[in-house]
Amino acid sequence: MGRFELVLKVLVCLFFTAAVAVVVSADQQQHEDSVVHAAASSTTSSDAKFFGGGHEDWSYSSPPPYGGSSPLIPVYGPSSSASPSSGPGTCDFWSSHTSSLPSFMTIFDTIVDLFGLLSSGTFGSSTTLLQALTNTRPDAYGALLRQGSAALINSYNSPSFAYSPQQVRESFNAALYSEPAAAVQAVRFENANRGYVLRAP
């Protein structure tokens, strides 16, 4: 009987220890989730102040998250020298200079053709490049579609553009995950389209 009681006490102790560990682990996970959420909100609000309006000088601590390393360097000029919305490389420029598109690209190419099937879930399967560049959708996905489409053209058109074609596609598709991610990536594409960020030689 004494041995049975001892075994029972050991089992109770083990059960209690495991229960405490589970509770502690859950608390830690909840804390980590809160920290990550706060960081994401901070990043989004910081980048979003440049979204859709006039651009001021700004900086960021890491290059756009398209996976893998890239020889990107930030290039910033004074606000007075910022390119107008219709400057070379912008959405407005490409929508009105369609004859200057890369030879293999037309205004009738679909976004699915250019960015892959994943984009159809957000933008449909028949949206064309011209519709993408001129869309007036007011949310972050609309901005991502405009700026991402211009970025893809620029990536083929200019060897100094901040992203390669593959990096544009990867960044674009990764940003479809959520509207905050779309907003941040749209801003990054727009700054690249305006020439604020160039590829390192």
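This is a predicted model: local features need pLDDT of at least 70, side-chain atom pairs count only at pLDDT 80 or more; totals for chains, interfaces and linings use all residues.
Residues are numbered from 1 along each chain as its sequence is written, and side-chain values use heavy atoms, with hydrogens and water left out.

The rings of Phe123 and Phe172 have their centres 5.9 Å apart and their planes at 40°, so this pair is tilted; the rule is that rings of Phe, Tyr and Trp (its six-membered ring) pair if their centres lie within 6.5 Å, and planes under 30 degrees apart count as stacked, over 60 as edge-to-face and the rest as tilted. Because Phe123 sits in helix 4 (residues 120–123) and Phe172 in helix 7, the pair ties together parts that are 49 residues apart in sequence. Helices here are DSSP runs (H or I, at least four residues), numbered from the N terminus. Phe123 is buried, as is Phe172, and Phe115 also counts as buried, at 4% relative accessibility. Ring pairs link Phe115, Phe123 and Phe172 into a cluster.

Now to two helices. Helix 6 (residues 140–157) and helix 8 (residues 179–193) pack at an angle of about 35°, with their axes 8 Å apart; axes are lines fitted to C-alpha atoms, for helices over the stretch in contact, and angles run from 0 to 180 degrees between N-to-C directions. The contact, meaning heavy atoms within 4.5 Å, involves residues including Leu144 and Gln147 of helix 6 and Phe189 and Glu190 of helix 8. Its residues divide into ten nonpolar, five polar and two charged, where Ala, Val, Leu, Ile, Met, Phe, Trp, Tyr, Cys and Pro count as nonpolar, Asp, Glu, Lys and Arg as charged, and the others, Gly among them, as polar.

How many salt bridges does a search of the whole structure find? The search finds two, a salt bridge being a side-chain nitrogen of Lys or Arg within 4 Å of a carboxyl oxygen of Asp or Glu. Glu190 and Arg194 meet through their side chains at 3.0 Å, N to O, and both of these residues are buried. Asp139 and Arg137 meet at 2.9 Å, N to O, and Arg137 is partly exposed, with a relative accessible area of 32%.

Terms used: Buried means under 20% relative accessible area, exposed over 50%, partly exposed in between (1.4 Å probe, protein chains only).
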